[in-house]
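Reader: Hi! I'm new to this one, could you walk me through it?
Author: Happy to, let's bring it up.

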Amino acid sequence: MLDTMNLALLAANFGLDYTVRQNVLMAFAILMTIACVAIIVVIMMQKGTNDNVGVISGASDTYYGKNKKRNREGILKKITFALFVFILVCAVICVVIGVVD
């Protein structure tokens with residue numbers, strides 16, 4: 001696994017000029033900043049859940065409880081996860097490109 005990482009770093013070193021690398025890093029930093037603001041907004045739009053209370057009262061057997069993934073909260077959770085993965089991938093790319101100097 002470390003050999004694969006070293007090969008990726010060497011390929012990044014020989015493949016990109018310094019100014020191109022800096023421009024790519026700046027572009028990824030801007031994309032990550034926009035994604036961070038978006039994830040904050042999406043998280044603020046979500047309602048707080050009290051799953052433990054629903055288990056006690058038996059509210060999880062309702063129509064709403066069974067179709068939770070198809071409504072607004074399910075969609076917001078999927079968007080939150082997608083933005084998280086996008087930020088994580090951008091961060092890894094920035095590390096791989098930025099380490100080689």
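Author: A word on surface first: accessible areas come from the Shrake-Rupley method with a 1.4 Å probe, and for residues, only the protein chains shown count as cover. On that basis the accessible surface of the protein is about 7,800 Å², and 71% of it belongs to carbon and sulfur atoms. Please keep in mind that this is a predicted model, where local features need pLDDT of at least 70, side-chain atom pairs count only at pLDDT 80 or more, and totals for chains, interfaces and linings use all residues. Residues are numbered from 1 along each chain as its sequence is written, and side-chain values use heavy atoms, with hydrogens and water left out.

Reader: Thanks! How many helices and strands does the protein have?
Author: There are five helices and zero strands, where helices (H or I, at least four residues) and strands (E, at least two) are DSSP runs, numbered from the N terminus.

Reader: And what percentage of the 101 residues count as buried?
Author: That comes to 22%. Buried means under 20% relative accessible area, exposed over 50%, and partly exposed in between (1.4 Å probe, protein chains only).

Reader: Which residues of α2 are buried?
Author: They are Arg 21, Leu 25, Phe 28, Met 32, Ala 35, Ile 39 and Val 42. An α-helix has 3.6 residues a turn, so residues three or four places apart point the same way.

Reader: How far apart are the end C-alpha atoms of helix α2?
Author: They are 41 Å apart, which agrees with the 40 Å that its 28 residues (18-45) should span at 1.5 Å a residue. The expected span is 1.5 Å times one less than the number of residues.

Reader: What about Tyr 18, how exposed is that one?
Author: Tyr 18, in helix α2, is partly exposed because its relative accessible area is 49%. Its C-alpha atom is separated by 9.9 Å from that of Gly 98, 80 residues apart along the chain.

Reader: Which residues does Met 45 touch?
Author: Not counting residues up to four places away in sequence, Met 45 touches Arg 72 and Leu 76; contact means heavy atoms within 4.5 Å. Met 45 is also found in helix α2, and with a relative accessible area of 39% Met 45 is partly exposed.

Reader: Changing topic, which residues form the nonpolar patch on the surface?
Author: Phe 81, Phe 84, Val 85, Leu 88, Val 89, Val 92 and Ile 93 do, with about 610 Å² of accessible area together. Patches are made of residues with over 30% relative accessible area and no salt bridge; like charges are joined within 9 Å, nonpolar side chains (Val, Leu, Ile, Met, Phe, Trp, Tyr) within 5 Å. A salt bridge is a side-chain nitrogen of Lys or Arg within 4 Å of a carboxyl oxygen of Asp or Glu.

Reader: Where is Val 89?
Author: Val 89 sits in helix α5 (residues 72-99).

Reader: And how many aromatic pairs are there?
Author: One. The ring centres of Phe 81 and Phe 84 are 6.5 Å apart with planes at 40°, so this pair is tilted. Rings of Phe, Tyr and Trp (its six-membered ring) pair if their centres lie within 6.5 Å; planes under 30 degrees apart count as stacked, over 60 as edge-to-face and the rest as tilted.
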